[in-house]
Amino acid sequence: MRALVTGGAGFIGSHLVDALMRAGYEVRVIDNLSQGRIENISRWIGLSGFEFMEGDVTDETLTREAVKSCDIIFHLAANPEVRLGDPRMHYRENVHATYVILEAMRANDVRRIVFTSSSTVYGEARIMPTPEDYSPLLPISMYGACKLASEALIIGYCMMYDMRAAILRLANIVGPRARHGVIVDFIRKLRSNPRRLEVLGDGEQTKSYLLVDDCVEAIMKAFENLDHGVEIYNVGSEDAINVKTIAGIVIEELGLRDVEIVYTGGVEGRGWKGDVRKMLLDISRIRNLGWRPRHSSAESVRLAARALKEELWQCPTSSGGTRS
Ligand SMILES: NC(=O)c1ccc[n+]([C@@H]2O[C@H](COP(=O)([O-])OP(=O)(O)OC[C@H]3O[C@@H](n4cnc5c(N)ncnc54)[C@H](O)[C@@H]3O)[C@@H](O)[C@H]2O)c1
């Protein structure tokens, strides 16, 4: 079976590629390397069963080529930076990209797709943990809006062209190879100044965090159960933690002491306009398939911070500052 992973050189995509290759699939990756890095997939390059195409999924000719002779498309390519507000960019890299992929699937008679959507489609949900059938879906960011639009496109294609889809609404995914998100942000800031940490918002934003290994297992589980129409699954941990706690964990894992934490206050306590303040997903639907998260949010954050310390943390000053 041949799988195409769009965005396969990125954070989650490259962990998914590892899992697929280890499970014996033939894997093709298309990635424009805008955020992804070749070293994330370099262990597979040159090995039989693996193919890398450098390019943009909005390139219709290239994407048709990439989709050709594949049995399943894992569509992860996106600009995942929720903080960026540029509607044109989000539309092009999320909605238009999804449309180009679906058209390439139709042209090549490829009928199965797994899509990484996001918890941000719920916006500020009134019910928590939030189930998949929660409504109305009122995203509060361009990113969330474009994920929701992409979901709708996928559903339309499934209904019209007998495709099957698993849509996974992911919580915050953390772990090695990540290059965006709160943990990476904190490590970078502390690397340039180990005595002071600026936290966006009031630190009370409380959300679910999931380790990337658990996320990849959920993606594989949804894929294995792709036998009819469209299924939507929430994927996250079973609890939530706030940004203040995350700051404490990161500082501890970096071995720092006496760090002054400064809260910007943000927009009504949010880190930025469009930042959801509370998120916890009802994961019983994917649990019913036999998947469950192995770690709590705090454990996931700690394991991710430990791994990212190895990748991102260098002694910021020759004297070592407060690093122990
Ligand atoms: N990381 C999270 O917490 C999280 C949460 C919810 C949803 N998601 C979704 O999961 C997917 C993967 O996210 P990630 O965190 O691994 O991000 P990432 O930036 O590491 O991965 C995205 C990859 O897509 C590539 N890419 C972007 N635009 C492209 C284009 N037009 N053509 C080809 N390649 C392109 C990038 O180079 C990158 O390698 C995304 O769809 C994201 O929206 C992530």
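**Walking through the model**

Mentor: Start with Leu303. Beyond its neighbours within four places in sequence, Leu303 is in contact with Leu211 and His295.

Trainee: Which helix does Leu303 lie in?
Mentor: Leu303 lies in helix H9.

Trainee: Is Leu303 buried or exposed?
Mentor: Leu303 is buried, because 20 other C-beta atoms lie within 10 Å. The cut-off for buried is 20 or more.

Trainee: How far is Leu303 from Leu4?
Mentor: Their C-alpha atoms are separated by 29 Å. Along the chain, Leu303 and Leu4 are 299 residues apart.

Trainee: Before I go on, what kind of model is this?
Mentor: It is a predicted model. The protein chain averages a pLDDT of 95, and 97% of the residues score at least 70.

Trainee: Where does pLDDT stay under 50?
Mentor: Over residues 315-324. The model has 18 contacts beyond four places in sequence for that stretch.

Trainee: OK, new topic. Which residues are closest to the ligand?
Mentor: Gly7, Gly10, Gln35, Gly36 and Ala78. In total, 29 residues surround the ligand.

Trainee: And which elements give two or more residues to that shell?
Mentor: Helix H1 (11-22), E2, helix H3 (87-108), strand E5 (112-118) and strand E7 (172-174). H1 gives the most, with 3 residues.

Trainee: How do the shell residues divide into nonpolar, polar and charged?
Mentor: There are 13 nonpolar, 13 polar and 3 charged residues in the shell around the ligand.

Trainee: You mentioned E2. What about Ile30, where is it found?
Mentor: Ile30 is in strand E2, which covers residues 26-31. Ile30 counts as buried because it has 27 C-beta neighbours inside 10 Å.

Trainee: What is Ile30 in contact with, leaving aside neighbours within four places in sequence?
Mentor: Leu4, Thr6, Met53, Gly55, Val57, Thr63 and Ala66. Gly7 is 23 residues apart from Ile30 along the chain, yet their C-alpha atoms are separated by 6.1 Å. Gly7 is also one of the residues closest to the ligand.

Trainee: Let's do H3. How many residues does H3 have, and how far does it reach?
Mentor: H3 has 22 residues and reaches 30 Å from its first C-alpha to its last. That is close to the 32 Å expected at 1.5 Å a residue.

Trainee: Where does H3 bend?
Mentor: At His96, by about 30°.

Trainee: Which residues of H3 are buried?
Mentor: His90, Glu93, Asn94, Ala97, Thr98, Val100, Ile101, Leu102, Ala104 and Met105.

Trainee: What is phi of Leu33?
Mentor: Phi of Leu33 is near 60°, again a positive value in a residue other than glycine. Leu33 lies in the loop between E2 and strand E3 (50-54). With 14 C-beta neighbours inside 10 Å, Leu33 counts as partly exposed.

Trainee: On to peptide bonds. Which residues does a cis bond join?
Mentor: Ser135 and Pro136, with omega about 0°. The bond from Met128 to Pro129 is cis too, with omega near -5°. Pro129 is found in the loop between E5 and H4, and Pro136 lies in the loop between E5 and H4 as well.

Trainee: Last stop, H7. Which of its residues are buried?
Mentor: In helix H7 (residues 243-253), they are Val243, Ile246, Ala247, Ile249, Val250, Ile251 and Glu253.

Trainee: What covers the buried residues of H7?
Mentor: Helix H5 (182-192), strand E8 (196-199), strand E12 (241-242), strand E13 (260-263) and helix H9 (297-312) are among the elements that do. Just after H7, Gly255 takes a positive phi of about 75°.

Note on methods. Residues numbered from 1 in each chain as written. Predicted model: local features only at pLDDT ≥ 70, side-chain atom pairs only at ≥ 80, totals over all residues. Helix = DSSP H or I, 4+ residues; strand = E, 2+ residues; numbered from the N terminus. Buried ≥ 20, exposed ≤ 12 C-beta atoms within 10 Å, placed from the backbone. Contact = placed C-beta atoms within 7 Å. Near = placed C-beta within 6 Å. Nonpolar A, V, L, I, M, F, W, Y, C, P; charged D, E, K, R; others polar. Expected span 1.5 Å × (residues − 1). Bend = angle between axes of the 7 residues up to and from the residue. pLDDT = per-residue confidence, 0-100.
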